[in-house]
Structure formats: C-alpha cells, structure tokens
Amino acid sequence: MKKTTARILCFLLAAVMLLMLALPYAVRVLAADDLQQLEQQLQDVRNEGKELEEKQEQQEAYKENLEAQNEIIKQQIATIADSIATTKESLAQKQAELDQKRREIEETNALFCERLRAMQVNRSSGMLSTLLAVNTFDELLTASTTLSRISAADTSLLEKLGDEQAEIERQENEINDQLTQLETDQAALESKKQELASNIQAADNSIDEIEALKLANKDEEARLVKEYNEARAQAEAELGRPSGSPEFVGGAYNWPVPGYYNISSPYGPRTLYGVPDFHTGIDINKGTYATIYGANIVASLSGTVQTVVYGSRGYGYYVIVDHGGNNKTLYGHMSRIDVTVGQQVVGGVTVLGGVGSTGNSTGPHLHFEIRLNGQQVDPAPYLGR
Ligand SMILES: [Zn+2]
C-alpha cells in the first residue's frame, strides 16, 4: 500500500516537472496567431540593432588602431624634427669652419702675395743691390734658395689649406645629403599623418552614421510596439463604450465560423517578445482544413453593429457587435467586412465578413472576444456549435 502511494507520488512529481519544462514553450505557442508576425518584425528590428552595434564596435576598434598609428607617426615626426635641427646645427658649424678656412686661405694668400711682391721689387731694383751685396757664389746660392724655399713653403701651406677646405666642403655636402634625406622622410611622415587624419575622419563619419541608424532602429522598434498598443487600446475603448440599450437582446451564443472548430490559441496569459501579455479572446484557425481564408464569419449573437475598423495593426479589420446590457462580441483580422455601423444582425445567421489575416496576424484566423456585462471572459465555455 505504502509502495503504491510512493509510486503515485513519484509519477505525479514527474508529471509536474514535465509540465513546468513545457510551460515556457506553451506560453510562446499561445502568442502564435495574433502576435507571431509582430514578434518576427520586432526580432528583425532587434537583430538589425545588434548588427549595428557590432558594426559600431568594429569602426571604433578601427579608429583606435588609426589613432595609435597616428601617435607613432607623431613621435616619429618629433624625432625627425630633432634630427633635422641637429643636422642643421652641424651644417651651420661646418659652414663656420668653412668660413674660417676660407679666411685662413685668404690671409695666407695675401701674405704670400705680399712676399712675392717684395721679392719682385727686390728683383727689379733692390734685388740687384741684394745680389751685389752677395760676395761669394755660396752667398748667392743661399739667397736664391731662401727665396725659393719661402715660395715652396707658402705653396705647400696653401695646398694644405686647399685640401682642408675641400674636406670640409665634402663633409658639408654629406650633411646636406643627410638633411635632404631627413626632409624627404619628414614629408613622407607628414603625408602619412594626413592620410591617417582623413581615415580617422572617415571612421568618425561612419560611426556617426551608425549612431543615426541605431536611433532610427530604436524608433522603429518603439513605433511597432506603440502602434500595436494603440490599436489594442482603441479596440478596448470601443469594447468599453456603454451599450446602446441596457437590455440584453442577444439570445444564445453561436460558433462564429461555422465548419471550423479548431482553437489555435486559447484565452489567457501569453508573452509578447518576452513581455507578459494577455490574450483577451480565442483564435480559430483552419485546423485540418487546407485554408480558412475567406470563410464566412457570422454574428455569434443578435444585436447591432457598433464598430467597424479597417486597421493595419492590432486586430486589423474588425467588427464589434453590441448585444445590449454591455454585452459585446469582437471579430478580428477579417479579410473583408460585409456589414456597416448601426446594422441589425441575427445571431448565427448574418454574415459579418470573411476570415483573414489583417493587422498583427501570421496566418488567416479569427480572433473572437466576448464581453459579458462589460467584463472580458473566456469565450470557449459560452460557445455551442
Ligand atoms: Zn487572438
């Protein structure tokens, strides 16, 4: 006996657990007919939003990379500017050396010329007396050698100075070449910097564009939800209007789509893209038939057509029939409407229109609601066939 009880308990526990596992799926399925299309639209919009988010991250990473490159280039430009300054200093130093050397050469040259001139004077006039003063051949030789020695020493000094000048000029040229190279590198870096700046600007523009698209995307999402909520609120307001007559005149409830008896989504709580929502009616779809599109919808009870709406959101094309005493029925997502406001309808007889898929609807179905004394109720228990 105890064993049997335990087994039953165990079975019940397992059943409850299975039901809990299946529940979120069941709730999602509830949203099927009326909201799947809206959910798909919202899903698309949010996916687009995510893609934009990713694109923005990519662009920002790209921009960061460019900015890092830019930093490096800036440092390189600073380094090269230092090198150019140093090189210009050495160039100035070389030029000073060169000036100095040129002055030395000039001075040496001037002295040399003076001496030569002095010798020439001696040769033409004084020289004769110098030579006459020479008593021996040895003395003559000595005087003559001295003269030529002076000349040779000056010549070799001038040659030496000339070589030194040439060396300094060579160094100067070398430094000039270095400077030219540095300035070429500097120009290349500057143009690279320009290119980076324009790429950074482009990345910035692209990020701005993405930001704008993201805003538009958020607007679109908000618009979809707002339109849906507005359409639902409008239907609620219509259903909440006081009946034309205080007396109930409807009679017995009739099934609103004769021949089609499959309830694809019952009355009760459900979710709209993760947000709790409430299904205020039942959805009747094709069931095992090929299609329900265009099938006649009849008034469930007798009464007066209170509301006819040709909407694009919410219940799309819908009709509300007033049965008196704040008793009403609503017929949503119709493909066509065959009645007009104020028209008297007979329960189970008058065709209100055809089954469709207007508004927030996935496939052809009838969304049917009952308001009993102004209160929303599950229509299923009231409907006969
Ligand atoms: Zn529905």
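Colleague: Is strand S12 largely enclosed by the rest of the structure or exposed, and how many of its seven residues are buried?

Modeller: This is a predicted model, in which local features need pLDDT of at least 70, side-chain atom pairs count only at pLDDT 80 or more, and totals for chains, interfaces and linings use all residues. Residues are numbered from 1 along each chain as its sequence is written. A residue is buried if 20 or more other C-beta atoms, placed from the backbone, lie within 10 Å of its own, exposed if 12 or fewer, and partly exposed in between. S12 is largely enclosed by the rest of the structure because its buried residues number six of the seven.

Colleague: Which strand pairs with S12 over five bridges?

Modeller: Strands (E, at least two residues) are DSSP runs numbered from the N terminus, and two of them pair if DSSP finds at least two bridges between them. Lys-328 has Arg-371 in S12 as its bridge partner. The antiparallel strand with five bridges to S12 is S8.

Colleague: Which residue in the turn of the S12 and S13 hairpin has a positive phi?

Modeller: Three antiparallel bridges join S12 to S13, with Ile-370 opposite Val-377. Two residues lie between the strands of this hairpin, and the one with a positive phi of about 50° is Asn-373.

Colleague: Is Asn-373 buried or exposed?

Modeller: Asn-373 lies in the loop between S12 (366-372) and S13 (375-377). Because it has 10 C-beta neighbours inside 10 Å, Asn-373 counts as exposed.

Colleague: Is His-333 buried or exposed?

Modeller: His-333 sits in the loop between S8 (328-332) and S9 (334-337), with a positive phi of about 65° although it is not a glycine. Because it has 27 C-beta neighbours inside 10 Å, His-333 counts as buried.

Note on methods. Helix = DSSP H or I, 4+ residues; strand = E, 2+ residues; numbered from the N terminus.
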